[in-house]
Amino acid sequence: MELFMPERVIFDPPSLEYPLGQKIYDYFRDKPVAIIKTGARTAARSIPGTTPAGMYAQAKKTLLVTINKLSKLDVCKPSADYQFSLVSNCPAHCEYCYLQSTQGSKPYLKVFVNLEDIFSVIEDHIRQNGDKITTFEAASLGDPLALEHITGSLAKTIVFFAGLEHGRLRVVTKFPHVDSLLDLPHNRHTLFRISINTDYVISTFEHNTASLDERMEAIAKLGRAGYPIGFIVAPIMQHENWKEAYDLLFRKLEERLGPELSRKELNFELIQYRFTAVAKELILQRFPNTRLDMDEAKRSLKWGRFGRYKYVYQKEEAEELKEYLTSLILGRFPEAKVQYFT
Ligand code: SF4
């Protein structure tokens, strides 16, 4: 898969006062991209597009370089204690993406250049947790690996966490470009996961992401480089022939990891497909021919983290998904830990 190159890069002026802001500016100076300088609040005005689908497509080719002023981190259950962001959003076009409904009509990408401030907020949260291990998710609002060739900030964060006695980092990705991370001193403090799914889900809904093969190759490299590794199986869908398709997925994964990695302690997180009423409306505008099954009548309502009800599978179907996938995983990966199903 090719590295992402935006069409336009917007620099929020304060970002240029940071070394990383300057580094990104230098990186783009000789690239065929439009460079714009304007405040973060007015960034969206630089993005063209008249229809919802057009604005969405243009926003996904736009990168805002800015700073992250958050001093209090959100909790991130069940995957970690807290979440923080090096980037927000990503260049992929997953039709079901939960960011559809949280990032407005022009969901452009952002990178944050004030890494030292972000690290200091992380250290504060660890201190407040005393001697307990505190875990931090770096990829709940975007995919930092997708922009790593531009920022290098995920590598810096992995090294930062390597030196933290009580802090652990968690990252998940649908991108394959891990080579720059393999020789880092990670101290096994970063749990790296890839998102996996059936061929049907990846090819039908996950546009502009790495193929399953590329993802599996990337995670195997990370595993061989000594990182703890895992898999987020999401969104789990009961599509046609889903049982055979998930069986095939884990068979391929076992083959790809080989006997050595397959018998290591692998982390699995299982997330069933869900949607909200707001997301459904936006998805239908951006992907009018979507094949996502968004029939509310077939679903149960569950209260969601973003303050909205979400539609999930009915209790019996969800139970079947959980039991079936867990049995497939434990059948092939005896040391695996299935952390949760949600
Ligand atoms: S890779 Fe993740 S963040 Fe990016 S569009 Fe897909 S679901 Fe959303």
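Q: What share of the contacts in the chain between residues at least 6 apart in sequence join residues at least 24 apart?
A: The model is predicted. Take the contacts between residues at least 6 apart in sequence. The share of them that joins residues at least 24 apart is 76%.

Q: What radius of gyration does the chain have, and what does the globule rule give for 342 residues?
A: The chain has 10 helices and 18 strands. Its radius of gyration is close to the rule's value, so the chain is as compact as a globular protein of that length. The chain has 20 Å, and the rule gives 20 Å.

Q: What are the spans of the C-alpha trace along its principal axes?
A: The trace is taken along the principal axes of the chain. The spans are about 55 × 50 × 40 Å.

Q: What percentage of the residues of the chain count as buried?
A: Buried means under 20% relative accessible area. The accessible surface of the chain comes to about 15,400 Å². Carbon and sulfur atoms hold 51% of that surface. Of the 342 residues, the buried share is 56%.

Q: Which residues surround the ligand?
A: The shell around the ligand divides into 5 nonpolar and 2 charged residues. No polar residue belongs to the shell. The residues around the ligand are Lys60, Cys90, Ala92, Cys94, Cys97, Leu99 and Lys174.

Q: Which strands stand at the edges of the open sheet of 5 strands?
A: The order in the sheet is β2-β1-β3-β8-β6, with mixed pairing. An edge strand here has a single partner strand, so one side of it is left without a neighbour in the sheet. The two edge strands are β2 (34-37) and β6 (87-88).

Q: Which residue in β8 is the bridge partner of Ser88?
A: Strand β8 covers residues 109-112. β6 and β8 pair in the antiparallel sense over 2 bridges. In β8, the partner of Ser88 is Lys110.

Q: How many residues of β17 are buried?
A: Strand β17 runs over residues 309-313. The strand is mostly covered. The buried residues number 4 of its 5.

Q: Over how many bridges do β16 and β17 pair?
A: Strand β16 spans residues 299-303. Its pairing with β17 is antiparallel. Leu301 stands opposite Tyr311 in β17. The number of bridges between β16 and β17 is 5.

Q: Which residue in β17 is the bridge partner of Thr276?
A: Strand β15 (residues 275-276) also pairs with β17 in the antiparallel sense. That pairing has 2 bridges. In β17, the partner of Thr276 is Lys310.

Q: Is Ser101 buried or exposed?
A: Ser101 lies in the loop between β7 (93-94) and β8. Leaving aside neighbours within four places in sequence, Ser101 is in contact with Thr276, Val278, Ala279, Leu282 and Arg308. The relative accessible area of Ser101 is 15%. The cut-off is under 20%, so Ser101 is buried.

Q: What distance separates the C-alpha atoms of Ala57 and Tyr108?
A: Ala57 is found in helix α2 (residues 52-59). Ala57 is partly exposed, with a relative accessible area of 26%. Ala57 and Tyr108 are 51 residues apart along the chain. Their C-alpha atoms are separated by 9.2 Å.

Q: Which omega value does the cis peptide bond from Lys77 to Pro78 have?
A: Pro78 is found in the loop between β4 (74-76) and β5 (80-83). The bond that leads from Lys77 into Pro78 is cis. Its omega is near 5°.

Q: Where is Pro235 found?
A: The peptide bond from Ala234 to Pro235 is cis. Its omega is near -10°. Pro235 is found in strand β13 (residues 229-236).

Q: What relative accessibility does Asn89 have?
A: Asn89 has a positive phi of about 70°, although it is not a glycine. The place of Asn89 is in the loop between β6 and β7. Asn89 counts as buried, and its relative accessibility is 2%.

Q: What relative accessible area does Asn208 have?
A: Phi of Asn208 is positive, near 65°, in a residue other than glycine. Asn208 sits in the loop between β12 (206-207) and α7 (212-224). Asn208 is partly exposed, and its relative accessible area is 43%.

Key:
Residues are numbered from 1 along each chain as its sequence is written. This is a predicted model: local features need pLDDT of at least 70, side-chain atom pairs count only at pLDDT 80 or more; totals for chains, interfaces and linings use all residues. Side-chain values use heavy atoms; hydrogens and water are left out. A residue is near a molecule or strand if one of its heavy atoms lies within 4 Å of it. Ala, Val, Leu, Ile, Met, Phe, Trp, Tyr, Cys and Pro count as nonpolar, Asp, Glu, Lys and Arg as charged, and the others, Gly among them, as polar. The radius of gyration is taken over C-alpha atoms; the globule rule is 2.2 Å times the number of residues to the power 0.38. Buried means under 20% relative accessible area, exposed over 50%, partly exposed in between (1.4 Å probe, protein chains only). Contact means heavy atoms within 4.5 Å. Accessible areas come from the Shrake-Rupley method with a 1.4 Å probe; for residues, only the protein chains shown count as cover. Two strands pair if DSSP finds at least two bridges between them.
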